[in-house]
Amino acid sequence: MKEKNYDRLRAALDRLPEYDPPARSWPEIERGLEREGESVREPLSSRLPTYVPPTAVWNAVNEGLDAQKRVVRRRLPRRLLAAAAAVALLLFAAVGISRWTSGPRVTYAYSQESQPDPVTSDWDDDEASFQRARAEVRQRDEPILNNLGHELDELNSAREEVKAMLVAYGESPAVIQQLAEIERERDDVYRRIIVEL
Amino acid sequence: MIVVRLLLPLLLLWLLPGTRVRAQADLREVVTKTIEDTYPYSLGSELAVEGEKAEIIVETWAKPQISVRVVLTARHQRLETAKRELENLEFVTEVAGKKIYLKNRRKDEAAKPQSELTVEYFITLPEECPVYLKSHFGSATISNLRNRLRINGEFSVINMDNVQGLLDIRTRFGDIVGEKIDGNVVINARRSDISLLDVGGTFTINAQYGDLRLSPNPNMRDLRINADKSNVYIYEPVGGEGLAYELASNNGEMNLPDNRSLVELERTNEWRRIQIGPNSERSGTITASVTFGKLFLGKQR
């Protein structure tokens with residue numbers, strides 16, 4: 001609202017007298033406020049009277065709490081742990097099976113069979129003749145004979161390998177047959193050497 | 001007469017133990033140790049086998065697994081000796097990533113067994129599994145493989161049946177017998193006979209000291225033979241009119257069919273080179289060069 005006679009009102013107000021409050025008013029107000037603040041900070045319960053409960057009551061409360069704790073510790077965590085362990089074991093087994101094989105399976109068996117005819121080891125009987133022929137070839141040192149000599153050396157080397165196998169794995173018919181074949185080839189080379197000599 | 005009747009059973013009873021002893025002497029004990037294992041197969045898996053005096057048999061199946069059965073055997077008249085000497089044989093496996101490595105060896109290499117010791121591998125795997133075989137004495141038998149096969153053999157017979165893909169075979173003192181082989185094949189053979197039936201694709205054969213009997217099929221695109229001190233027999237396939245031949249003989253003998261028109265390219269006392277053109281559109285070429293050996297070209301029966 002707009003004051004119509006503002007100047008006159010202002011002048012009248014300015015002319016009003018001023019008074020100070022009595023000196024004791026302010027300390028009394030201050031004390032009153034302090035009392036009010038103390039009553040707000042202190043809870044009403046503190047002003048209530050307190051009583052100590054009977055010992056039997058506390059013991060009953062304690063026993064009840066312990067029983068509750070025991071129930072929780074005994075049942076729930078153990079079940080959870082057992083289930084977790086079972087799941088972990090199954091997972092571990094599944095991963096193991098998928099990643100690795102179960103390992104080799106080893107079995108033994110025993111039987112009998114007919115004894116084969118014994119082999120007469122006479123394959124070294126003619127060795128001196130071969131050595132003499134080889135020495136002669138070296139002495140002559142001719143191209144055709146040298147070629148035959150190299151052939152003989154290769155067959156001699158193969159023969160030693162076959163004989164070593166007979167020692168390492170025992171006398172087997174297949175290996176003896178291989179030795180016989182090499183012997184035939186050696187004989188053939190030997191004859192050709194003799195013809196050339 | 002009564003005396004004879006009484007004595008005859010006694011005589012038979014007396015002879016019986018002797019017969020049993022002789023029968024036992026004719027027998028020998030066989031102790032066998034079998035090791036079985038299975039490995040998972042996936043793309044990139046490879047199998048390598050190093051066999052010593054071992055029969056290696058490789059077959060295929062549709063399962064994504066590699067099955068291995070190794071049979072170690074000792075034969076001797078005395079069971080104890082066979083059992084003891086069998087334990088000197090060792091089977092070793094190693095798996096490095098997707099590579100499976102199998103090997104047999106002797107624990108004590110200085111041992112001289114009285115028993116006859118043998119080793120057998122029975123391997124079954126997917127047909128696309130690459131295989132590497134190293135065989136020192138023994139044999140290798142492979143069938144139905146489709147990918148890559150490498151064989152390094154010494155004193156080992158190599159048998160192949162229905163094998164395709166990349167084949168690299170080296171052999172010394174070990175014959176090769178093959179049937180139904182198709183692919184890119186390289187064979188280096190020394191002191192080994194080679195017999196190949198119904199083979200096609202691309203073949204390169206280098207041979208010294210051996211007999212080669214080759215029966216290509218009409219799918220043979222390129223067959224190159226270099227043979228030294230070897231006899232080579234090539235049998236033309238039925239329906240192989242598209243095959244062309246270029247044959248050379250050095251210090252050897254050449255036997256050719258009468259019904260084919262050939263072109264002499266070179267001819268001296270020691271050296272002869274001829275060419276036989278295809279009777280229809282060219283489907284493949286067979287080139288053979290033989291030194292100090294026979295070269296025979298004939299029809300398949």
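## A tour of chains A and B

Select chain B: of its 301 residues, 36% count as buried. Buried means that 20 or more other C-beta atoms lie within 10 Å of a residue's own, exposed means 12 or fewer, and partly exposed is in between, with C-beta atoms placed from the backbone. This is a predicted model, in which local features need pLDDT of at least 70 and side-chain atom pairs count only at pLDDT 80 or more, while totals for chains, interfaces and linings use all residues. Residues are numbered from 1 along each chain as its sequence is written, and chains are lettered from A and ligands numbered from 1 in the order in which they are written.

**Stop 1: the whole of chain B**

Stay with chain B and colour by secondary structure. Helices (H or I, at least four residues) and strands (E, at least two) are DSSP runs, numbered from the N terminus. Along the principal axes, the C-alpha atoms of chain B fill a box of roughly 90 × 65 × 35 Å. The radius of gyration of chain B is 26 Å, whereas a compact globule of 301 residues would have one near 19 Å. That radius is taken over C-alpha atoms, and the globule rule is 2.2 Å times the number of residues to the power 0.38.

**Stop 2: where the chains touch**

Show both chains. Here 27 residues of chain B are in contact with 25 residues of chain A. Contact means that the C-beta atoms of two residues, placed from the backbone, lie within 7 Å. On the side of chain B that touches chain A, β1 (27-40) and β6 (116-126) each supply at least two residues. β1(B) gives the most to this side, with 13 residues.

**Stop 3: the paired strands**

Select residues 105-114 of chain A, which form strand β1. Ten bridges join this strand to β1(B), and the two run antiparallel. Strands pair if DSSP finds at least two bridges between them. Pick Thr107(A): its bridge partner in β1(B) is Thr34(B). Next pick Ser111(A), which stands opposite Val30(B). How many of the ten residues of β1(A) are buried? The number is zero, so β1(A) lies largely in the open.

Now click Arg105(A), also in strand β1 of chain A. Arg105(A) is exposed because it has 11 other C-beta atoms within 10 Å. Draw a distance to Gly149(A), 44 residues apart along the chain: the two C-alpha atoms are separated by 51 Å.

**Stop 4: the core**

Select Val162(A), Ile194(B), Leu212(B), Val232(B) and Ala288(B). These have the most contacts inside the largest nonpolar core, a set of 86 residues. Such a core consists of buried Ala, Val, Leu, Ile, Met, Phe, Trp, Tyr and Cys residues joined through C-beta atoms within 7 Å. Strand β8 (residues 148-172) of chain B gives the most to this core, with nine residues. Zoom in on Leu212(B). Leaving out residues up to four places away in sequence, Leu212(B) touches, among others, Ile194(B), Ile205(B), Val232(B) and Tyr233(B).

**Stop 5: two loops**

Go to Asn144(B), in the loop between β7 (131-143) and β8 of chain B. Asn144(B) has a positive phi of about 65° although it is not a glycine. Asn144(B) counts as partly exposed because 15 C-beta neighbours lie inside 10 Å.

Finish at Phe292(B), in the loop between β17 (284-291) and β18 (294-299) of chain B. Its phi is near 55°, a positive value in a residue other than glycine. With 16 C-beta neighbours inside 10 Å, Phe292(B) counts as partly exposed.
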